[in-house]
Each structure stands twice: as C-alpha cells, then as structure tokens.
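Visitor: I'd like to learn how to read aromatic pairs and a ligand site. Could you walk me through it?

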Amino acid sequence: MALRNYKDIKPNIDKSCYIDESAVIVGEVECAEDASIWPLVAARGDVNFIKIGARTNIQDGTVLHVTRVSAANPEGYPLVIGEDVTVGHKCMLHGCTLGDRILVGMGAIIMDGAIVENDVFIGAGSLVPPNKTLVSGYLYVGNPVKQVRLLKESESAFLTQSAINYVKLKNEYLAELN
Ligand SMILES: CC(C)(COP(=O)(O)OP(=O)(O)OC[C@H]1O[C@@H](n2cnc3c(N)ncnc32)[C@H](O)[C@@H]1OP(=O)(O)O)[C@@H](O)C(=O)NCCC(=O)NCCS
C-alpha cells in the first residue's frame, strides 16, 4: 500500500495527484494539486514533515526524509519542496528547502538545512552540503556543488516545461487507473 500512517498521522494527498502503487509515503507528507510520485519513491514523514508543491514530480527511486527536532535545533529539518519542481531519478533530498521551478538532476543529494532558491538547475550526481544556499538563476554542478553559470534561456524555459510534461504524463497514468 503506497500510503501509510505514522502513529495517527496519515499523508495528505490532493485527489489530483498521481502516486505510483510501488511508492511508499508515510505519515506527515503533503502533496499539493497535480504533483506526481513515481515508482519506488520513499517519502517518510515521521520525525518531521514533508511538503511537496503543486505540479512537482518526484521521479523513480528518490528518497525523501527529514531530521527530528532537538534542543540544539528546535525545528529540526523538515523537507519543503516548492511548485513546478522536477526531482530526477534516484535523488536523495534530506531536510532541505527547495523553492519553485527547480531541476534536481538524477542522483543528486541535497542535505539538511540547504536552501535552493527559485529557478535553479542542479547537475546530475551533484552533492549540496548542509546549510548551503543555491542562488536563483544559476546552474550548479559537482560534489560539493559549485556555481557554474547563469541559466540559458532554454534551460529556464525547460524548468516550467518539465513540470507541464509531468502533469500531462501523470494524467495519462491516472486515466489508465479509471
Ligand atoms: C550539467 C548539465 C545541465 C549540462 O550542462 P552544460 O553546461 O550543457 O554542460 P556540458 O554538457 O556542455 O559539459 C560541460 C562540462 O561539464 C561536465 N558535466 C556535464 N554534466 C555534469 C554533471 N552533472 N556533473 C559534473 N560535470 C558535468 C562535462 O563533462 C563537461 O566537462 P569538460 O568541460 O571537462 O568536458 C547536464 O549534464 C545535467 O547534469 N543535466 C541534468 C539532467 C537530469 O538529471 N535530468 C533529470 C532527469 S529527467
């Protein structure tokens, strides 16, 4: 079963979302309208919460988790992902905050307290260290990530287009279920 309670907290999924049956979504996880969660994604909202914005897609094999509240860190690290974000295959997003219109390249890792501003491209296989901020409008690549250059117009356009493509794709999958 894709959706599971943690204690008495159940995931809050808008009815327009597509959640693949092989995904596992546990506890305090919110998915806004037209978001899509693809095969083998694990999203575990137990020791803190996870929010996934409208039209955002989380692709196959990605892991989403959070860090608990502690005396040293009273809010812990929830995971907040904005709108129109594309998270590629097999990424690891842990306790970080992402704005809107972002591409997280395949296999990227984003760690606790990192902030990714709106309109950012993160190259495949990159690592974003704890508490690092990636500034709006740039391409970042590498382990640890470095700012490479301003986004090209085509790349900026792709950020929105990718979200549109995935809304269309998830609607095709939903239609098959009905
Ligand atoms: C980074 C990226 C956007 C390409 O940017 P680019 O500026 O067009 O890069 P180029 O292809 O011209 O390559 C420039 C250099 O960066 C290197 N490079 C490309 N992608 C890289 C990456 N992800 N990490 C590290 N280096 C990378 C190239 O090898 C090249 O190195 P060289 O100059 O030493 O030969 C692209 O490779 C990428 O990672 N896209 C993410 C795609 C993805 O994961 N989509 C999600 C699935 S839908």
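Visitor: Are Y18 and W38 buried or exposed?

Guide: First, the ground rules: this is a predicted model, where local features need pLDDT of at least 70, side-chain atom pairs count only at pLDDT 80 or more, and totals for chains, interfaces and linings use all residues. Residues are numbered from 1 along each chain as its sequence is written, and side-chain values use heavy atoms, leaving out hydrogens and water. Buried means under 20% relative accessible area, exposed over 50%, and partly exposed in between (1.4 Å probe, protein chains only). Here, both Y18 and W38 are buried; W38 gets that label because its relative accessibility is 4%.

Visitor: What kind of aromatic pair do W38 and Y173 form?

Guide: Rings of Phe, Tyr and Trp (its six-membered ring) pair if their centres lie within 6.5 Å; planes under 30 degrees apart are stacked, over 60 edge-to-face, and the rest tilted. W38 and Y173 are edge-to-face, with 4.9 Å between centres and 90 degrees between planes. Y173 is partly exposed, at 38% relative accessible area. Ring pairs also join Y18, W38, Y166 and Y173 into a cluster.

Visitor: And the ligand: which polar side-chain atom lies 2.8 Å from one of its oxygen atoms?

Guide: A polar contact is a pair of N or O atoms within 3.5 Å; within protein, one must be able to donate a hydrogen and the other to accept it, and residues adjacent in sequence count only if both atoms are side-chain atoms. In this case the side-chain atom belongs to R149. On the backbone side, an N or O atom of M106 sits 2.7 Å from a ligand oxygen.
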